[in-house]
Every structure is written in structure tokens, then in C-alpha cells.
Amino acid sequence: MDMTTSPSFRYPLESMKPRTGAGGTTRGASVHEFPVSVGIAGVSMRLAAGSMRELHWHANAAEWGYVVSGRCRTTLLNPDGATETDEFGPGDCWYFPRGWGHSIQGVSNEECHFILIFDNGDFSEDHTFSVTDWLAHTPAAVVAQNLGIDANVVAEMPKGEAYFAQGPVPNNRSPDATERAYPELVSKHRYPLLAQQPRRVAGGGIQFIASVKEFPISTSMAGSLLEIEPGAMRELHWHPNADEWQYYLEGEAEMAVFLAEGKVVSDRFKAGDVGYAPMGAGHYIRNVGKGVLRILIGFNNGHYQSNDLSAWVASNPSDVLASNLGIAREDARKLPHGPLFIIPGPAEL
């Protein structure tokens with residue numbers, strides 16, 4: 001990333017032209033489209049009822065998903081031979097380790113919209129390993145032998161990558177319905193993020209978090225959802241162990257990224273935009289709209305860590321702060337005496 005000019009830490013993802021297919025659309029933001037996003041890539045995908053992101057795997061990235069609306073079903077192949085089938089609704093998230101085969105299918109009568117976050121900025125949905133692409137470029141006799149089917153059946157298969165495949169909406173009365181012996185809130189690869197009791201802050205916000213602590217299989221990525229009240233802000237802070245990738249779900253925001261050597265880059269964001277803060281770079285997020293600001297955030301580390309300015313200030317004696325900041329000691333004593341996380345808007349101060 002070239003720091004000699006001011007980079008943009010905003011990418012208008014949902015304004016971009018999508019890739020379309022059989023009942024599905026996808027918009028991606030890798031380092032190629034969004035140059036500052038060197039450590040994390042993201043995708044906004046929509047599936048119509050019954051449409052499927054076909055059986056595939058990612059060789060260079062793990063996948064963390066979050067359902068915005070609708071419902072979907074995933075299938076997963078674990079390299080040890082175990083398989084998983086899970087269903088997801090709004091507020092649920094999943095994690096698939098790098099190289100594990102999986103599929104995603106819309107299972108409700110409405111469109112399913114979900115956000116995919118990958119722990120590699122160079123990742124692209126256009127370069128995944130898809131089963132139809134593989135079989136289409138493997139000798140037909142080999143495919144027939146491997147799958148135990150006739151050559152005429154192989155001839156009916158796609159002649160290239162399908163990417164999206166349209167099928168019927170799964171029906172619980174169908175003999176194809178996946179059995180589950182007992183209801184589950186959490187499965188190995190599914191975590192109901194919005195079922196969590198969130199962190200609530202008097203300053204005007206809440207945080208939901210899914211790190212490896214809450215979601216043990218998510219070893220290389222963590223996710224968070226922030227809700228910030230009008231005028232309030234996620235305070236000045238930095239993440240010492242991860243890059244931060246943001247998808248703005250609702251509202252309007254201002255974010256500024258501090259890159260040291262006197263450089264700060266400020267951008268305005270609206271729903272559908274993506275933001276990014278590099279590991280170690282100081283930043284804040286302020287709600288500048290009239291409604292609640294909701295942001296989905298992904299980190300390329302399973303452990304969530306944050307150094308917040310208020311906690312740092314509170315840990316230092318007043319004389320240190322007075323000397324460092326060039327203010328009177330009586331003013332230094334008025335500085336925060338504990339962590340704040342969310343700072344209220346001016347009317348609440």
C-alpha cells in the first residue's frame with residue numbers, strides 16, 4: 001500500500017456491478033478492488049430461494065459468514081471425513097477453515113443476503129475451486145468411474161463452472177430433508193451471534209462478539225457487530241493483533257484512520273459501504289446520522305484485542321498526562337478514570 005498519497009479506507013461495495021448467475025449475485029472487495037485491504041477480503045452475496053453457491057473450497061483463506069436477511073443451509077466436508085449440515089437465519093454466523101469443502105443454499109421463500117469475510121486480502125471468489133469446474137475438465141471416463149455413473153449422465157453435467165446452481169427450495173416433507181435428532185442452538189460451525197447477551201455501554205451502544213473464546217472453531221478470525229446511538233462514537237482505539245474489516249449495515253458514519261507521521265485519513269460511510277483499519281492503526285467510528293449505526297466487523301485473528309484511549313489514559317498518573325499533553329494538572333484529573341468504549345454524543349455529555 002502506497003502511503004505517499006492519502007489512501008481511501010472506504011469502498012462502496014453495494015454500488016459495484018455484481019457478478020450474476022442462476023439465482024445469485026455476488027460483489028467482492030479484495031485488495032485488487034480496495035487496495036488498503038491487504039489483510040482481509042469480503043463478499044456480499046445474495047441467493048434466491050433454492051439457489052445454491054455450489055460445492056467448492058478455498059485454498060488460501062478461511063471463511064467467516066454472517067446472515068443479514070433470509071435463511072440458508074450449508075453443507076461442510078471436514079478433512080477427517082466428518083460432515084456437517086446447518087441452517088442459518090438473520091444474526092447467525094459460520095466459520096469454515098481454509099480448504100474445507102462446503103456449499104450454501106437459500107432455503108426460505110425470500111432472498112438470503114449474507115456477508116462473507118476472508119482472512120486473506122488477496123482472496124477472490126472468482127478463483128475458488130468449484131466442483132463443476134473440476135469435473136468439467138476431468139476426462140469423462142474418470143468422472144464416471146469415480147462417481148459410479150454412466151457416461152450419458154456425465155454428459156448432462158455442466159461444461160464449465162456453474163458457480164451458482166438453481167434448485168428447489170428444501171422441503172421438510174421431502175425424503176431429502178436432513179435429519180437432526182435434537183434441537184441445537186450452537187453447532188460446531190454455527191454461532192447465533194444476535195442470541196448473545198451483548199456488551200452494553202452507558203455511552204450509547206452495544207457490542208456482540210464472536211471470537212475463538214465464544215466460537216471455538218473460529219481460530220483465525222473473529223467477528224463483531226456494533227450498534228452506536230446517534231452522536232455517539234466508538235472511541236479512539238487500535239487493534240494490536242488484527243486488521244479490521246467493516247461492512248456498514250445501517251446508518252451513516254465518519255471514520256478516521258491514523259497512520260502515524262502526521263497522517264490521518266477521514267471518510268464518510270453509509271449502508272452498503274466497506275471500511276478498513278490496518279493492524280495497529282488508530283481509528284474511531286462516529287455516528288453522524290439520525291438513526292442507530294450498525295456495523296458488522298471482521299478481524300483476521302481469532303482472538304479479539306483492542307487498546308482503547310480511555311483505558312490507556314486512566315492507567316496513567318495525572319502528572320504524566322499533564323506533562324505529556326501540555327495541560328494543567330487540574331484538567332488532567334478530569335480525564336477518564338476508566339474504560340469507556342463508546343463515548344456519548346454531545347447532548348449526553
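Of the 349 residues in this chain, 47% count as buried. The model is predicted. Six helices and 26 strands make up its secondary structure. Two topics stand out for a closer look: an open sheet of seven strands, and salt bridges, of which the structure holds 15.

**Overall build**

- The C-alpha atoms fill a box of roughly 85 × 50 × 40 Å along the principal axes.
- Take the contacts in the chain with a separation of 6 or more: residues 24 or more positions apart account for 75% of them.

**The seven-stranded sheet**

- The strand order is β2-β3-β4-β11-β6-β9-β14. The sheet is open, and its pairing is antiparallel.
- β2 (19-21) and β14 (190-192) stand at the edges. Each has a single partner strand, so one side of each is left without a neighbour in the sheet.
- From one strand to the next, the twist averages 20°.
- Strands of a sheet pair through backbone hydrogen bonds, in either a parallel or an antiparallel sense.
- β3 (residues 24-29) pairs with β4 (residues 41-47) over six bridges, in the antiparallel sense.
- Within this pairing, Thr26 has Met45 of β4 as its bridge partner.

- Glu14 forms a salt bridge with Arg27, and their closest N and O atoms are 3.5 Å apart.
- Glu14 sits in the loop between β1 (10-11) and β2, while Arg27 belongs to strand β3. The pair therefore ties together parts that are 13 residues apart in sequence.
- Arg27 has 16% relative accessibility. Buried means under 20%, so Arg27 counts as buried.
- Glu111 and Arg46 also meet through their side chains in a salt bridge, at 3.6 Å from N to O.
- Glu111 lies in the loop between β10 (101-106) and β11 (112-118), and Arg46 lies in strand β4. This pair ties together parts that are 65 residues apart in sequence.
- Glu111 is partly exposed, at 43% relative accessibility.

- The side chains of Glu254 and Arg286 meet in a salt bridge, with 3.3 Å from N to O.
- Glu254 is in strand β20 (residues 252-258) and Arg286 is in strand β23 (residues 282-287). The two residues are 32 apart, and the pair links distant parts of the chain.
- Glu254 has a relative accessible area of 14%, so it counts as buried.
- Arg286, at 30% relative accessibility, is partly exposed.

**The salt-bridge network**

- Glu14, Arg27, Arg46 and Glu111 belong to one network, joined by salt bridges that share partners.

**A nonpolar surface patch**

- Leu236, Leu309 and Trp312 form a nonpolar patch on the surface.
- Together, these three residues have about 290 Å² of accessible area.
- Trp312 lies in helix α4, which covers residues 309-314.

Note on methods:
Residues numbered from 1 in each chain as written. Predicted model: local features only at pLDDT ≥ 70, side-chain atom pairs only at ≥ 80, totals over all residues. Heavy atoms only, no water. Pairing = 2+ DSSP bridges. Helix = DSSP H or I, 4+ residues; strand = E, 2+ residues; numbered from the N terminus. Axes fitted to C-alpha atoms, helices over the stretch in contact; angles between N-to-C directions. Salt bridge = Lys/Arg side-chain N within 4 Å of Asp/Glu carboxyl O. Buried < 20%, exposed > 50% of the residue type's maximum accessible area, 1.4 Å probe, protein only. Patch = residues over 30% accessible without salt bridge, like charges linked within 9 Å, V, L, I, M, F, W, Y side chains within 5 Å. Areas by Shrake-Rupley, 256 points an atom, 1.4 Å probe, with all protein chains shown as cover. Contact = heavy atoms within 4.5 Å.
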